[in-house]
Amino acid sequence: MAFSDRVREHFQKELDGIKEAGLYKAERYIKSPQSADIVVEYPEGAEPKEVINMCANNYLGLSSHPDVIKAAHEGLEKRGYGMSSVRFICGTQDIHRELENKLTKFLETEDTILFPSCMDANVGVFEAILTKEDAIISDELNHASIIDGIRLCKAERHIYKHLDMNDLEEKLKQTQNKRLRLIATDGVFSMDGDVAKLDEMTELAEKYDAMILVDDSHATGFLGKHGKGTPELKGVLGKIDIITTTLGKALGGASGGCVSGRKEIVEMCRQRARPYLFSNAMPPVVVAAANKVMDIIMTTTERRDKLERNTKWWREHLVEAGFDVKPGETPIVPIMLYNAKLSQDISNDLYDKGVYAIGFFYPVVPKGQARIRTQISAAHEIHHLEKALKAFVEVGEKYNILGKSKQEIIDMYGL
Ligand SMILES: *Cc1c(COP(=O)(O)O)cnc(C)c1O
């Protein structure tokens with residue numbers, strides 16, 4: 001037996017260490033479709049109950065939209081279940097190309113290539129276009145998938161301080177001897193909901209002859225007037241060389257991702273990106289549904305408009321109630337608690353009151369930055385938000401944190 005007692009003990013000790021540090025992640029079983037109201041079994045074996053979901057990436061409420069489900073059924077009927085191939089062998093149907101073309105049109109880029117996920121897009125794109133003669137300059141808080149993509153690439157790696165344009169400029173100066181420079185950033189940073197300064201970044205990129213990559217997973221479909229994402233919000237549509245994004249959040253939430261941008265970059269990915277060449281094509285059922293999602297968001301801004309109204313309502317009422325909310329304009333609304341245990345206790349109390357909102361703490365966020373991250377959806381009606389607010393206020397009163405400053409909360413609960 002290769003998995004000897006010694007080996008088993010090794011892993012058990014590792015797992016015990018994770019538990020002792022209070023970092024063990026338990027899953028909660030959801031017994032309903034993804035929506036504003038979900039049925040959850042938690043803890044395991046408990047009687048399932050209906051709660052308001054305040055932490056899905058279902059920004060546009062399209063995850064269970066009847067038209068999207070209908071399109072998925074049609075895709076399944078007409079094109080079958082699986083492709084049983086990667087794209088370049090026999091895994092490309094016309095509907096894959098149709099989806100790529102719709103994404104290109106929507107994002108106002110030159111071309112688009114689908115990947116099995118945005119994680120795969122990020123893991124593939126850097127290595128496909130850069131070598132050790134080049135440099136990547138990356139925001140320190142970029143998503144794990146960007147970090148992993150950069151790790152797989154031989155280009156020189158530079159990290160600039162979060163959103164710090166002076167530091168970025170410094171790194172651009174330092175890398176002038178490299179053949180190509182690529183700045184990489186999240187469009188919206190998922191933990192704080194803050195937004196990359198793409199307007200200033202494109203100016204710096206022009207000044208220092210660098211390309212820009214934006215991972216817009218937390219923005220595509222809803223940020224900006226027509227929901228085209230951070231480039232639209234910041235007035236730089238058409239100026240971002242590479243956009244990576246996911247179909248697994250606002251755009252129906254099933255799975256899939258893409259690289260969209262300059263046509264030469266997309267072409268290089270088709271030739272070289274390893275997750276594209278060596279991982280299965282997106283299944284027709286998902287592609288067909290995603291095509292419908294694109295039709296919906298290109299026809300009307302109704303859902304992103306509603307999301308914007310909901311977000312405004314939620315932010316204003318939380319602040320009015322006295323919560324310490326990270327300011328911003330995105331539907332990622334973090335309620336700061338600083339202490340990890342407090343974030344867990346509050347999450348559990350909210351659950352008892354019928355509100356599903358998860359506490360985040362180290363290592364998902366830096367130490368001493370624990371929080372409840374709420375995410376607003378166009379699937380929420382005001383009555384959902386009112387009920388959630390009531391629960392938040394009751395729990396806030398219980399823990400005496402309403403109207404309290406960061407320091408006061410830390411004095412009461414520690415870090
Ligand atoms: C969610 C997310 C991803 C991963 O997307 P998948 O399609 O689920 O792999 C990548 N980057 C960012 C910034 C994300 O938020």
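Trainee: Which residue just after α8 takes a positive phi?
Mentor: Asp209 does, with a phi of about 50°. Helices here are DSSP runs of H or I with at least four residues, strands are runs of E with at least two, and both are numbered from the N terminus. Please note that this is a predicted model, in which local features need pLDDT of at least 70, side-chain atom pairs count only at pLDDT 80 or more, and totals for chains, interfaces and linings use all residues. Residues are numbered from 1 along each chain as its sequence is written, and side-chain values use heavy atoms, with hydrogens and water left out.

Trainee: Which residues of α8 are buried?
Mentor: In α8, which covers residues 198–207, the buried ones are Leu198, Met201, Thr202, Leu204 and Ala205. Seen down the helix axis, they fall within an arc of 160°, so they line one face of α8. The arc is that of the directions from the helix axis to the C-beta atoms. Buried means under 20% relative accessible area, exposed means over 50%, and partly exposed lies in between, with a 1.4 Å probe and protein chains only.

Trainee: And what does the face turned away from the buried side carry?
Mentor: That face of α8 carries the exposed residues Glu203, Glu206 and Lys207.

Trainee: What do the buried residues of α8 pack against?
Mentor: They pack against the strands β6 (156–160), β7 (181–186) and β8 (211–215), and against the helices α7 (165–174) and α9 (230–233). Contact means heavy atoms within 4.5 Å.

Trainee: Back to phi. Where is Ser84, and is it buried or exposed?
Mentor: Ser84 sits in the loop between α2 (66–79) and α3 (87–91). Its phi is near 50°, a positive value in a residue other than glycine. Ser84 counts as exposed because its relative accessibility is 70%.

Trainee: What is the phi of Glu108?
Mentor: The phi of Glu108 is near 55°, again positive in a residue other than glycine. Glu108 lies in the loop between α4 (94–107) and β4 (111–115), and its relative accessible area of 40% makes it partly exposed.

Trainee: Now the whole chain. How many helices and strands are there?
Mentor: The protein chain has 16 helices and 14 strands. Of its 415 residues, 53% count as buried.

Trainee: What is the radius of gyration?
Mentor: The protein chain has 22 Å, which agrees with the value near 22 Å for a compact globule of 415 residues. The radius is taken over C-alpha atoms, and the globule rule is 2.2 Å times the number of residues to the power 0.38. The C-alpha atoms fill a box of roughly 60 × 55 × 55 Å along the principal axes.

Trainee: What share of the contacts joins residues at least 24 apart?
Mentor: Among contacts between residues at least 6 apart in sequence, that share is 69%.
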